[in-house]
Amino acid sequence: MLEDDERRILVKRAVTGDAERLTALVRDSDAYRGEYADVLRDYEVTIDYIESQQVFAAFDPGAGAGAGAGERLLGAYGLVLDPPMLDLLFVANDAQGRGIGRHLVKHMMGQARLAGLTVVRVVSHPPAEPFYLRMGAQRIGTLPARPPLVTWDRPELQFIV
């Protein structure tokens, strides 16, 4: 959570060439192990998703020479504008605890404001709820499990933009 780390984060709009790296980031997430693993087993960040949603990726600009595939991917999020929703937020396993998630939430809030949104809904998996609450989200309900893929109740939260 060092401010110094935040200054070394470059957040930019994802491009279609990022699809494979974003998919790997999501599928490799330690946050979705054990009972949560099945949800992401076949998950894919598609080119269509990147083109149709507000998808942003965080990079370590010092990890490569210039923009593109040489930069180290630290995390990413997807902001759906209609209806307003934080669709995904992931931080690379080895970048956890460095303020990347906080930086991405701040960036998302700025993008939501630019888009004229007043609230952004989040449907979280249970282990991520404390993070969202620390970032200022408010719990507004619980969505029931949807077996066979989602076998747990999910916290429903919202950010006031």
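The legends below go with close-up views of a predicted model.

Residue numbers start from 1 along each chain as its sequence is written, and side-chain values use heavy atoms, with hydrogens and water left out. Since this is a predicted model, local features need pLDDT of at least 70 and side-chain atom pairs count only at pLDDT 80 or more, while totals for chains, interfaces and linings use all residues.

**View 1. Tyr32 meets Phe90 in a tilted ring pair.** Rings of Phe, Tyr and Trp (its six-membered ring) pair if their centres lie within 6.5 Å; planes under 30 degrees apart count as stacked, over 60 as edge-to-face and the rest as tilted. By this rule the model has six aromatic pairs. Here the ring centres of Tyr32 and Phe90 are 5.7 Å apart and the planes meet at 40°, so we call the pair tilted. It's a link between distant parts of the chain, 58 residues apart: Tyr32 is in the loop between α2 (19-27) and α3 (37-40), and Phe90 is in strand β4 (residues 84-91). Helices (H or I, at least four residues) and strands (E, at least two) are DSSP runs, numbered from the N terminus. Tyr32 and Phe90 are both buried, where buried means under 20% relative accessible area, exposed over 50%, and partly exposed in between (1.4 Å probe, protein chains only).

**View 2. Tyr132 and Phe159 pair edge-to-face.** With 6.3 Å between the ring centres and 75° between the planes, Tyr132 and Phe159 make an edge-to-face pair. This one also links distant parts of the chain, with Tyr132 in helix α6 (residues 129-134) and Phe159 in strand β7 (residues 154-160), 27 residues apart. Both residues are buried.

**View 3. Strand β2 is covered on both faces.** All seven of the seven residues in β2 (residues 54-60) are buried. Gln54, Phe56, Ala58 and Asp60 line up on one side, with Val55, Ala57 and Phe59 on the other. In a regular strand, side chains alternate between the two faces of the sheet. As for neighbours, two strands pair if DSSP finds at least two bridges between them. Strand β1 (residues 10-13) runs antiparallel to β2, joined by four bridges, and Lys12 has Ala57 as its bridge partner in β2. β2 also pairs with strand β3 (residues 72-81), again antiparallel, over seven bridges; there Phe59 stands opposite Leu73.

**View 4. Lys12 and Arg13 each sit over a Phe ring.** A charge sits over a ring if NZ of Lys or CZ of Arg is within 6 Å of the ring centre and within 35 degrees of the ring normal. The charged end of Lys12 is 4.9 Å from the centre of the Phe59 ring. Arg13 does likewise over the face of Phe56, at 5.8 Å from the ring centre.

**View 5. Salt bridges include Glu156 with Arg121 and Glu129 with Arg139.** A salt bridge is a side-chain nitrogen of Lys or Arg within 4 Å of a carboxyl oxygen of Asp or Glu, and the count comes to seven. For Glu156 and Arg121, the closest N and O atoms are 2.6 Å apart. This pair links distant parts of the chain, strand β7 for Glu156 and strand β5 (residues 119-123) for Arg121, 35 residues apart. Glu156 is buried at 15% relative accessibility, whereas Arg121 is partly exposed at 28%. Glu129 and Arg139 bring their closest N and O atoms to 2.9 Å. Glu129 lies in helix α6 and Arg139 in strand β6 (residues 138-143), so this bridge ties together parts 10 residues apart in sequence.
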